[in-house]
Amino acid sequence: MCHPVAARLLLILLTVVVSATASPNDHRYNVGDEVPLYVNKVGPLNNPSETYEYYDLPFCSPGQVIPKQESIGEVLNGDRLANTLYELKFAVNKSNVVLCHKKLSRDEVANFRNAIINDFYFQMYYDDLPFWGFIGKVEDENWTLDGKRPMYFLFNHVQFDVLYNDNQVTEIRAFSDPNHAVDITEDVELDVEFTYSAFWNEEAPTQHKSRTARYSKASLLPLQQKIHWFSFINSIVIIVLLTGFFVMVLMQRLKNDLRKFSGGDEEEDKEVGWKYLHGDVFRCPSNMPLFCAILGAGTQLLTLICFLFVLSFLGVLYPYNRGALSTSLVIIYTLTSAIAGFTSASFYSKFVETGWERSVILAAMLFLVPFLLQGFILNLVAASFKATLALPFGTILVILLIYALIAIPLLTLGGVVGYRCRSEFQAPSAQKKSPREIPSLAWYQKTPGQMFLAGLLPFSAIVLELHHLYTSIWGHKIFTLPGVLFVMFVILILLTLILSIGLTYFQLTAEDHEWWWRSIFRGGSTTAFMFAYSIYFYYKSNMSGFLQTSFFFGYTASMCYAFFIVLATISFLASFMFVCHIYRAVKSE
């Protein structure tokens with residue numbers, strides 16, 4: 001019987017899914033109809049995480065500011081939509097309409113001036129289409145009575161250019177007229193008249209659902225797009241050639257080893273070092289519950305990534321779909337908790353009869369606890385700056401209840417099913433009582449050397465798209481496409497698989513049987529390079545300030561940690577299947 005609170009939360013989740021995936025295809029208007037327009041937030045252009053509510057600056061505001069009811073994803077995304085005095089009726093042109101007369105105090109003038117110094121922008125939504133504009137401008141070289149110094153001007157007129165097709169809005173842009181600006185260089189009281197204009201133009205027929213594709217096209221200039229695709233294709237060609245060469249060499253050597261072992265020649269038999277490890281290679285690693293928890297959490301996160309790609313290809317997730325990505329992350333992570341419990345419990349039970357509960361608990365905590373801890377710290381930072389990314393207490397409570405009443409029961413259910421559906425692992429060879437002594441290894445055969453090699457090659461293959469991904473996440477434009485990201489993700493997985501198998505083979509050839517944990521670290525080592533590149537990316541960007549720095553490195557570290565768990569899982573499973581295959585092949589011989 002479902003708990004009533006859990007049932008209600010599940011209903012909320014389903015409602016959120018519908019609202020997040022709903023398409024504005026039915027937004028049809030007649031001439032003169034009201035079209036929903038909301039103001040959202042303001043912030044410095046170079047610091048995308050540093051955003052504040054629109055009315056934190058002394059703009060013209062209605063008598064009563066009414067916040068729009070938002071989904072969980074919109075709140076997590078830092079959106080704070082509210083009503084406005086602007087009225088843009090469908091297909092109705094307006095020219096120099098007075099929005100309000102406002103007397104700015106000295107403090108309000110100083111607030112506007114500080115915003116202009118930091119290159120603040122504003123964001124609004126019109127018929128679910130986002131658009132941006134600047135608040136003011138700086139003229140650096142101006143002579144005044146006090147000498148040469150910069151002057152600051154506040155834009156007091158906004159021009160809205162709207163495109164429509166038949167009875168639907170397809171595009172909107174906001175332009176601030178430099179000819180309508182007020183000098184706010186001095187700290188004096190000012191009377192300012194804010195005005196706006198709206199001009200409508202009909203365009204050629206186009207599909208309404210494709211209107212958001214313009215944001216991606218506008219982000220890539222033709223020359224940049226050609227360079228992007230050329231580099232992408234060049235990377236794929238190099239990767240295919242190197243991968244083919246590596247696979248051919250590895251397979252040829254492995255066939256020679258099997259031939260030597262099956263030939264019965266003692267002199268040649270001594271050269272096959274990995275065959276001596278048949279009694280130790282399947283020995284369970286230390287800290288088995290944590291090991292299985294990594295596999296459970298990695299399988300869950302891999303499933304989450306695959307679902308995100310599917311939603312993207314289906315058109316549910318698209319650029320600037322307000323809060324849809326955050327909503328999808330919460331829902332999919334919650335529902336895939338059963339996968340983490342099942343995977344960790346079932347794999348643990350293959351080797352150990354009791355104690356699977358601990359692996360399930362660790363699978364639940366492995367990613368979520370560090371993520372929530374850094375989220376709590378970042379929320380305190382955002383709250384101290386009064387930024388919109390600071391989550392209200394109600395949202396935090398809802399997320400915790402969703403996890404406690406839905407995710408944890410699913411995790412437990414998955415663990416129970418995994419334990420009951422367990423199958424004992426049948427090793428190709430019997431395990432020795434005491435482990436074989438590992439001979440001294442060269443530096444490149446040890447864990448750090450193998451991690452460096454296993455991380456550098458995949459990173460060099462994805463670094464171009466990683467740069468575009470960072471630019472898209474920590475900027476205001478989309479510089480990559482879901483299809484390209486999917487191809488690079490597949491390439492990353494393939495390289496991780498091949499390198500994991502190859503390096504595991506060379507490790508066993510050196511008579512080192514402790515490959516379980518090393519395969520985990522080898523697979524996840526790519527993320528160390530990813531995080532190191534993020535430091536370089538931040539240094540080269542124009543981001544600054546404690547708030548932006550905290551959010552950049554906090555969320556980047558969480559993303560890299562998630563990919564570490566995913567790639568570590570893929571690496572181990574590839575090595576595990578490879579080791580089982582070669583020792584079963586030896587046994588059959």
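User: How many helices and strands does the secondary structure of the protein comprise?

Analyst: The secondary structure comes to 16 helices and eleven strands. Helices (H or I, at least four residues) and strands (E, at least two) are DSSP runs, numbered from the N terminus. The model is predicted, so local features need pLDDT of at least 70 and side-chain atom pairs count only at pLDDT 80 or more, while totals for chains, interfaces and linings use all residues. Residues are numbered from 1 along each chain as its sequence is written, and side-chain values use heavy atoms, with hydrogens and water left out.

User: What share of the residues of the protein counts as buried?

Analyst: Buried means under 20% relative accessible area, exposed over 50%, and partly exposed in between (1.4 Å probe, protein chains only). Of the 589 residues, 50% count as buried. As for contacts (heavy atoms within 4.5 Å), 78% of those with a separation of 6 or more are between residues 24 or more positions apart.

User: How should I read the packing of helix α7 and helix α10, and at what angle do they pack?

Analyst: Two packed helices are described by the angle between their axes and the distance between the axes. Axes are lines fitted to C-alpha atoms, for helices over the stretch in contact, and angles run from 0 to 180 degrees between N-to-C directions. Here α7 (residues 288–313) and α10 (residues 356–385) pack at about 55°, with their axes 8 Å apart. The two helices are therefore oblique to each other; angles under 35 degrees count as roughly parallel, over 145 as roughly antiparallel, 65 to 115 as roughly perpendicular and the rest as oblique.

User: Which residues make the contact of α7 with α10, and how do they divide by class?

Analyst: On α7 the contact is made by Pro289, Leu290, Cys292, Ala293, Ile294, Ala297 and Leu301, and on α10 by Arg358, Ser359, Leu362, Ala363, Leu366 and Phe367. These residues divide into eleven nonpolar, one polar and one charged. In this scheme Ala, Val, Leu, Ile, Met, Phe, Trp, Tyr, Cys and Pro count as nonpolar, Asp, Glu, Lys and Arg as charged, and the others, Gly among them, as polar.

User: Turning to the sheets, in what order do the strands of the open sheet with mixed pairing lie?

Analyst: Two strands pair if DSSP finds at least two bridges between them. The order of this four-stranded sheet is β3-β11-β8-β9. Its edge strands are β3 (94–104) and β9 (168–176), each of which pairs on one side only. Neighbouring strands are turned by 20° against each other on average, direction ignored. Strand β3 is joined to β11 (residues 190–202) by eight bridges in the antiparallel sense, and Val97 has Tyr196 as its bridge partner in β11. Helix α3 (residues 106–117) packs on the sheet, touching β3 and β11, and its direction makes about 125° with that of β3.

User: What do β8 and β9 form?

Analyst: They form a hairpin with two residues between them, and Asp166 in the turn has a positive phi of about 60°. Eight bridges join β8 (residues 157–165) to β9, and the two run antiparallel; Val158 stands opposite Ser176. Seven of the nine residues of β9 are buried, so this strand is largely enclosed by the rest of the structure.
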